[in-house]
Structure formats: structure tokens, C-alpha cells
Amino acid sequence: MKVTLIAHTPDPEKIVASAAKLCYSDSGIDTMLEGLNEEKAVEFVEMLSSLGHESPIEHVSFTFGIEGVSRTLLAQITRHRIASFSVQSQRYVKKSNFVFITPPEIEADEQAKALFEKSMNNALDTYNALADILEKKHFETFVSAGMNEKTARSKAEKRAIEDARFVLPNACETKMAVTMNARSLINFFRLRCCSRAQWEIKAVADEMLRLCKDVAPSIFKNAGPSCVKEGKCPEGRMTCGRFAEVKESYK
């Protein structure tokens with residue numbers, strides 16, 4: 001797994017503070033940045049946090065590159081709908097030798113790992129066999145319709161892998177670019193940094209949070225699972241029972 005902060009809104013804390021200043025003073029657009037040094041910007045951000053006023057932090061966004069993760073991760077992260085995603089397509093990118101992600105629990109058990117790898121190899125063999133069969137069929141159809149061989153070969157491959165991909169497992173590796181505003185990110189961290197989150201998305205969320213704190217420490221000061229800010233676990237009977245320990249670790 002690799003998570004990279006590709007880009008973010010410049011001076012994120014100052015931008016948030018200027019938006020808040022506009023809400024709480026008679027500043028105009030042309031003066032909203034005046035007097036906002038680093039110390040003042042931090043004060044504004046901390047005030048917003050204490051008031052629970054989250055809308056100003058929507059004005060800053062962060063774009064991440066995420067790779068070395070599974071399609072299982074993709075299914076979970078795209079449930080966060082206030083975000084933008086660009087994902088490597090299995091429809092256009094052939095996976096003749098696809099990389100697969102092995103869960104740690106499977107990796108740690110010799111018998112389970114052997115069975116898992118056998119299943120992955122079977123999926124790869126089936127995918128390649130289906131792609132070959134379908135590509136040959138489509139190529140012949142395109143050529144018989146008068147298409148030149150070079151174009152027919154290219155179109156036939158794309159058409160073939162469009163259907164062959166149906167046998168690829170959730171373990172298949174993917175990569176994506178993800179953009180979220182700070183408010184969406186804080187909600188994402190609240191849910192996905194929780195110790196009850198699935199291990200892969202928790203690992204991604206923890207790394208995203210670390211990168212965010214590097215560039216906007218005041219905005220993300222209390223970010224993390226719900227218990228970090230609230231001091232208690234909202235999971236009821238499903239709690240891990242370690243919220244004090246978890247809260248301390250996110251400090």
C-alpha cells in the first residue's frame with residue numbers, strides 16, 4: 001500500500017480562517033485575508049472546532065494517490081460520496097499478470113496462504129483464457145466487417161477484457177486518485193480510523209490522516225475515530241472497549 005498527498009489547497013488553515021472571518025465580522029471579500037497571520041489563522045480554526053462550525057473547512061481540499069490496494073478497498077472508499085475518484089479501469093487495462101493483495105491473516109497462515117494463491121492463479125489462468133477466446137472471436141468479426149487488422153486487433157482486445165474481467169477477484173490490485181474537502185475527510189477519518197474498520201481501509205485512512213496533519217495540523221487536530229474528539233465510543237455493544245488507548249494513540 002502506498003498513499004501520496006499529490007496536492008492540496010495552498011495555505012489551507014488561512015483559507016478556512018478567512019471564510020470564518022467573513023461569517024463573523026463585517027469584512028469584505030477584498031479584506032478577508034488582512035491580518036490573518038499564522039497565529040490568527042490557528043485561533044480561527046480552533047474557534048470553529050469548539051463551536052462545531054464545520055462548513056468553512058469545506059473550502060480546502062486534498063488530493064491523494066492511492067496504490068497497492070484491493071478492489072475490496074475500492075468498494076468501501078467509494079461509499080464516501082462527497083469525494084472525487086479516478087480509478088484504473090479493468091475495462092481498458094489488461095490484467096494478464098494482475099497483482100493481488102493478500103490479507104495479513106491469510107499471509108500468516110501457511111495453509112490458508114497456499115489455498116489463497118492457488119485461487120488467485122486459477123483466476124488469472126481463467127481470465128487470460130477467456131480474454132484469448134473472446135479476442136479471437138471479436139477480431140474475426142471486425143475483420144469480416146471490413147476493418148483493417150491493426151484496428152480490429154486493438155478493438156477486439158478491449159472488447160474481450162471488458163467481459164473477461166468478471167472473473168477477477170476482489171483481491172485484484174488497483175490504484176486511484178481521490179479528492180475530498182477537509183470536512184468530508186474528517187468524517188472519513190471518524191468512520192475509517194476506528195479500530196472496528198476493515199484493516200485495509202483503516203491503514204489507508206491512518207496514512208491519509210498523517211499526511212493531512214503534516215500540512216494542516218490545526219484543521220485535523222482532533223481528527224481520527226469518533227472517540228478521539230468525543231471522549232467516548234459511539235459503537236454501543238460493538239465497541240472495542242479500548243477508546244482511551246485509541247484516543248491516546250491518535251494524539
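**Exercises: how α5 meets α6**

**Exercise 1.** Which residues of α5 meet which residues of α6?

*Solution.* Start with α5: Tyr 127, Leu 130, Ala 131, Leu 134, Glu 135, His 138, Phe 139, Phe 142 and Val 143 take part. Their partners in α6 are Glu 149, Ala 152, Arg 153, Lys 155, Ala 156, Glu 157, Arg 159, Ala 160, Ile 161, Asp 163 and Ala 164. Contact means heavy atoms within 4.5 Å. Next, sort the residues of this contact: 12 are nonpolar, one is polar and seven are charged. Ala, Val, Leu, Ile, Met, Phe, Trp, Tyr, Cys and Pro count as nonpolar; Asp, Glu, Lys and Arg count as charged; the others, Gly among them, count as polar.

The model is predicted: local features need pLDDT of at least 70, side-chain atom pairs count only at pLDDT 80 or more, and totals for chains, interfaces and linings use all residues. Residues are numbered from 1 along each chain as its sequence is written, and side-chain values use heavy atoms, without hydrogens and water.

**Exercise 2.** Describe how α5 and α6 pack.

*Solution.* Locate the helices: α5 covers residues 110-144 and α6 covers residues 149-164. Their angle is about 140 degrees, and their axes lie 7 Å apart. Angles run from 0 to 180 degrees between N-to-C directions. Now classify: α5 and α6 are therefore oblique to each other. (Under 35 degrees is roughly parallel, over 145 roughly antiparallel, 65 to 115 roughly perpendicular, the rest oblique.)

**Exercise 3.** How many helices and strands does the chain have?

*Solution.* The chain has 10 helices and four strands. Helices are DSSP runs (H or I) of at least four residues; strands (E) have at least two. Their order is β-α-α-β-α-β-α-α-α-β-α-α-α-α. The C-alpha trace spans about 75 × 50 × 25 Å along its principal axes.
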